[in-house]
Amino acid sequence: MITLGFNYSQMHDSSACIARDGELLYAVAEERLSRIKHDAGFPHLAIRACLDFAGVRADQLDAVCAGWPAPSRMILSDLKSFAKGEFPISYTNVLNVTRTFVSMAHQNGGFNLFRHRFGPTKAQMRFVDHHLAHAISAYSYGGFDKAAVVVMDGRGAWEASSIWYGQDGRLDHVLTIPWPNSLGLFYAQFTQYLGFVPNSDEWKVMGLAPYGSPGVNLDEFISLKEEIYHVSAPLLFESKNGTSAIAKRLGPERTPESGIDDSFKNVAFAVQDYCENAVQALVKLAIEKTGCRNLCLAGGVALNSKANGKIQASGIVENIFVQPAASDDGVALGAVYAPYLDGGGRLPMKPMRHAYLGPEFSDAEIEKALLTYKLRAVKLEDVAATTAEFLANGKIIGWFQGRIAFAPRALGHRSIMADPRDPEMNAKVNNAVKFREWWRPFAPSMLKEVAGEYLEYACDSPFMILTNPVRPQKRDIIPSVTHVDGSARPQTVEKDINPLYWNLINEFGKRTGVPVILNTSFNLRGEAIVNTPTDAIRTFFSSGMDALVIGSYLVEK
Ligand SMILES: [Fe+2]
């Protein structure tokens, strides 16, 4: 059976993936191909890339699965929320809901566009409930036979959070907290209040939070009632004469790109703190309901690595897996397996040990790009050793190798790397390369073998999605990847999964005694992570990187 899964909602993060006989072959976010960050358009480039990689035509597919229900079910849910007064009936809200419905219904959720672009097919076209798709993306790839599965996002069709119980390749629904009682909505509205882009810049709030202090009371907006959180959506949506309820209570909104005073830092602290408590409550409830302490997480809120790290540190769970593509791009990974549940069937259980599922480019293709731009490049005999030498000498390196990861984070295949021992390196990379906010921390990649030496909670953390305190005695050793609160968001690198990257870090360790490097995504601020050699070359020459290691080649400025 060949199945194709995609995410398309006109909201954000369109994507596609393809699986043959339960084996995931390829997955890519549309933004990496179109170069439009969080691209919300129909993922025709991603689908084309999936078909090309698998060597199949659309008419050879058995099923094409969207990670959303039919548009008619979506609008029914919105109408109910309007009727209950949970979602204010304003001109903008009604217009947006109607416009999205008309457009999605006309396209039949994207299936009409699929046929138009890729030709007729006998494939079954199916809608998969959004949270079920997220839940499969967490459970099927988590590696646990039995698991409590928690999905938390901004919104599904009618869902905001849900709990599932995975057992023997099947998923039982336990409970759903309906939209708009949504943690994602709560976080997004405050992200906007703090002058950032909602449903995109939540990372910035999370990074800013440790600079704030406790004391801001947000009980009116979110409360923990008994064992479950409650978000006051009507209040969060409220706006009178252009002033939101948040601004009315906490002061004027921050102007984007302006300075950040302590009051905003304190709000960020509170938002993160309330979010962590709510996530913790939800996870406790999931464990109680399922009686299982293996936890799988997905949904955009599960990208909150600080909240995830706290769960891990709390000891309430035994094992944790967070789907690295936790946001809506990841529903493609769930939708693609949904047909396996038909007739009481079982999901393929495929523990995800890496996320390198996207396009890759051969040395011949890289050479062609280097020739096109008339660049002087040296073919390296030992890529890892030479790059490690550069890093040890304080150089900032662009690193382009292998298949691009299906995840929002750089996982060592499209990365900007530097020496984490230099306390100034954070500022150097920020100012010269990333042009991003000063408070956003950089993350370390480290050999899996040394994780216990550097981190409080030794763990397998291949996806940079679990924050972990750096051991106090190591904080001065790797200052540029240790956040102000002493935490880090590590990637642990395994030799058999990622030999070249492991070798590079090992070579750096041989030279410096510290087998850890600073790793951030290969992109400029506001742009998608580079995909092709041309993207990499363009980004390299638009920034202050010192050298580019691309395939077997070295390009220096
Ligand atoms: Fe979602």
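Close-up 1. Grid points are joined across faces, edges and corners, and a volume is the space filled by probe spheres set on the points. The largest cavity has 13 lining residues, and those nearest its centre are Arg353, Tyr356, Pro462, Gln491 and Ile497. By class, this lining consists of 7 nonpolar, 4 polar and 2 charged residues, where Ala, Val, Leu, Ile, Met, Phe, Trp, Tyr, Cys and Pro count as nonpolar, Asp, Glu, Lys and Arg as charged, and the others, Gly among them, as polar. Because this is a predicted model, local features need pLDDT of at least 70 and side-chain atom pairs count only at pLDDT 80 or more, whereas totals for chains, interfaces and linings use all residues. Residues are numbered from 1 along each chain as its sequence is written, and side-chain values use heavy atoms, with hydrogens and water left out.

**Close-up 2. The second largest cavity holds about 50 Å³ of space.** A search of the whole structure finds 2 cavities of 30 Å³ or more. The lining of the second largest cavity includes Arg32, Tyr356 and Ile404, together with Arg409, His413 and Ile529. Its lining divides into 6 nonpolar, 2 polar and 3 charged residues.

**Close-up 3. The second largest pocket has a volume of about 440 Å³.** Unlike a cavity, a pocket is an open set of points with protein on both sides within 12 Å along at least five of seven lines. There are 22 residues lining the second largest pocket, and Gly142, Ile320, Phe321, Asp460 and Pro462 are the closest to its centre. Strand β14 supplies the largest share of this lining, with 4 residues; helices (H or I, at least four residues) and strands (E, at least two) are DSSP runs, numbered from the N terminus. The lining of the second largest pocket comprises 13 nonpolar, 5 polar and 4 charged residues.

**Close-up 4. Four residues coordinate the iron ion.** The donors are His130 and His134, each through NE2, and Asp153 and Asp328, each through OD, at 2.1 to 2.3 Å. Donors are N, O and S atoms within 2.8 Å of the metal (3.2 Å for Na, K and Ca), and water is not among the atoms, so sites may look incomplete. The 4 donor atoms subtend angles of 89 to 167° around the iron ion, so the arrangement is irregular. Four donors count as tetrahedral if all angles lie between 85 and 135 degrees; four count as square planar and six as octahedral if opposite donors are over 155 degrees apart and all others between 65 and 115; anything else is irregular. Along the chain, the donors of the iron ion follow the spacing H-x3-H-x18-D-x174-D. Aspartate 153, in the loop between β6 (146-152) and β7 (159-167), and aspartate 328, in the loop between β14 (319-322) and α13 (331-335), are 175 residues apart and link distant parts of the chain. Both aspartate 153 and aspartate 328 are buried, a term that means under 20% relative accessible area, with exposed over 50% and partly exposed in between (1.4 Å probe, protein chains only).

**Close-up 5. Tyrosine 8 and phenylalanine 42 form one of the 18 aromatic pairs in the structure.** Their ring centres lie 5.3 Å apart with the planes at 90°, so the pair is edge-to-face. Rings of Phe, Tyr and Trp (its six-membered ring) pair if their centres lie within 6.5 Å, and planes under 30 degrees apart count as stacked, over 60 as edge-to-face and the rest as tilted. Tyrosine 8 is buried at a relative accessible area of 5%, and phenylalanine 42 is buried at 9%. Phe6, Tyr8, Phe42, Phe111 and Phe127 form one aromatic cluster.

**Close-up 6. Tyrosine 141 and tyrosine 337 form a stacked aromatic pair.** The two rings are 5.3 Å apart centre to centre, with 15° between the planes. Tyrosine 141 lies in the loop between α6 (130-139) and β6, and tyrosine 337 in the loop between α13 and α14 (363-372), so the pair ties together parts that are 196 residues apart in sequence. Tyrosine 141 is buried, with a relative accessible area of 2%, and tyrosine 337 counts as buried at 0% relative accessibility.

Conventions: 1 Å grid on protein atoms, 1.4 Å probe; cavity = no way out; pocket = protein on both sides within 12 Å on 5 of 7 lines; lining within 4 Å.
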